[in-house]
Structure formats: structure tokens, C-alpha cells
Amino acid sequence: NGDLFPASDAEEPKSLTELNKIITAAKPMVPGGKKAVLGEGPAGAALAFVGEQPGDLEDLQGRPFVGPAGQLLDKALTAAGIDRKASYVTNAVKHFKHEERGKRRIHQKPTMGEVKRYRWWLLKELGFVHPRLVVALGATAAAALEGAPVAIGKSRGKYQFGDMPGFVTIHPSAMLRMPDHDARSQAFADFVRDLKAARKLAH
Ligand code: URA
């Protein structure tokens, strides 16, 4: 598949550990990216969650979903009866794409081309983890898993990513951007409902 990076001279990882070594050693493929944030959680987890890319705090701590979006995800997982520690959590893009503005580091959305360059790693990673269900958190994750854009509004819910049983839902940071309190509470309730449905599908 011409979309998939790296090209034919790629080392072929035999395990998640080997893959993670390759990812850690590789040059970032997005502007601003420095250190890779690897996926976290047990191989063989029933559920795998895929986000967009690490944010500022994830980049600093070297762990996925530990910032504000991660806290909201944790809260929703708890409400849905899902144990994060028993789940696998990763990102479509493994580096924090950002722009430096003074002391601030401003998140930048990865392009479809960038997402596709990271896709080879993501598919390998999920191949090793082999979850019963992969949950795409938001449009970037869904596009990365699908290899083409996916409309969240239309495709929300159970979804098949190639041969991987999947589920499409919103990204928790979408709720952080909602100024209206009622809209945010409703979005959170809908998100928890999705996570419960995903939990049942992965049972
Ligand atoms: N948003 C993401 O998509 N992933 C993270 O790890 C943190 C925030």
C-alpha cells in the first residue's frame, strides 16, 4: 500500500516492544514533534482507544491522555464502567504537532497526509495488541484507522475498520471546546453512552 509509511526498506517489528523501539528512534513526521508518546496498556486488552496526537502535557510526561482531554476521558471511562488500566490507549500520530508562540506551544491538527504517514505504525501496533474492539476518539483517529476521512456525525457507533471491529465516537476535547454548560453535559452523557455500548461490544 503506497499510503503506508515506511517504505519497503522498513525494519519489520516482531513485537510491540520492537515496534516501540522503532517509533522511539524515528524522526518525528510532524512540525514541532520531538519525543514520541507511545501507546500504553496491556497487549490483549479487550478495548483499545485511539486519540489524535499527544498534547502539551502528554509530550512533557511522555504518556497518552494525561492532560485535560485525558482527565475527561478518565471520568467518562469510570462512568461507563471501563477500567483504563485494563484497556490500551494510544494516538494516531505519535508526536505533538505544534507551533511555538513565545512560551506557548500551540496544538496543530495533523493533516491527512501526516496521519497516513503514521498509519503503518498504528496498524502494526493494533495488530500486536489485538483488541476485541478499537474505539476511534474523533475524526483524526477514525481517518487513521480507515485510511480515508470518516464523518463522525454519520458514522458514530459500531464500525468496521478493515478486518478490525471498531467503534466511532467523539474526541473528549470536543466537549472542552463547548462553551454552553448544558450542551457539554449532554455531550458527556452521549459520550458515556457510547463508551458503555463499546464495552458491551468488546465483552
Ligand atoms: N488528545 C489526544 O488525542 N491524545 C492525547 O494523548 C491527548 C489529547
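In what follows, Ala, Val, Leu, Ile, Met, Phe, Trp, Tyr, Cys and Pro count as nonpolar, Asp, Glu, Lys and Arg as charged, and the others, Gly among them, as polar. By these classes, the shell around the ligand holds seven polar, four nonpolar and two charged residues. These 13 residues include, as the closest, Gly51, Glu52, Gly55, Pro64 and Ala69, a residue being near a molecule if its C-beta atom, placed from the backbone, lies within 6 Å of it. The model is a predicted one, in which local features need pLDDT of at least 70 and side-chain atom pairs count only at pLDDT 80 or more, while totals for chains, interfaces and linings use all residues. Residues are numbered from 1 along each chain as its sequence is written.

The protein chain has eight helices and seven strands, taken as DSSP runs (H or I, at least four residues, for helices; E, at least two, for strands) and numbered from the N terminus. Its radius of gyration is 16 Å, close to the 17 Å that the globule rule gives for 203 residues, so the chain is as compact as a globular protein of that length; the radius is taken over C-alpha atoms, and the rule is 2.2 Å times the number of residues to the power 0.38.

Strand S7 (residues 164-169) runs parallel to S5 (residues 133-137), joined to it by four bridges, and Ala136 has Val168 in S7 as its bridge partner. S7 also pairs with S6 (residues 157-161), here in the antiparallel sense and over five bridges, where pairing requires that DSSP find at least two bridges between two strands. Phe161 stands opposite Met164 in S7, and in the hairpin of S6 and S7, with two residues between the strands, Gly162 takes a positive phi near 60°.
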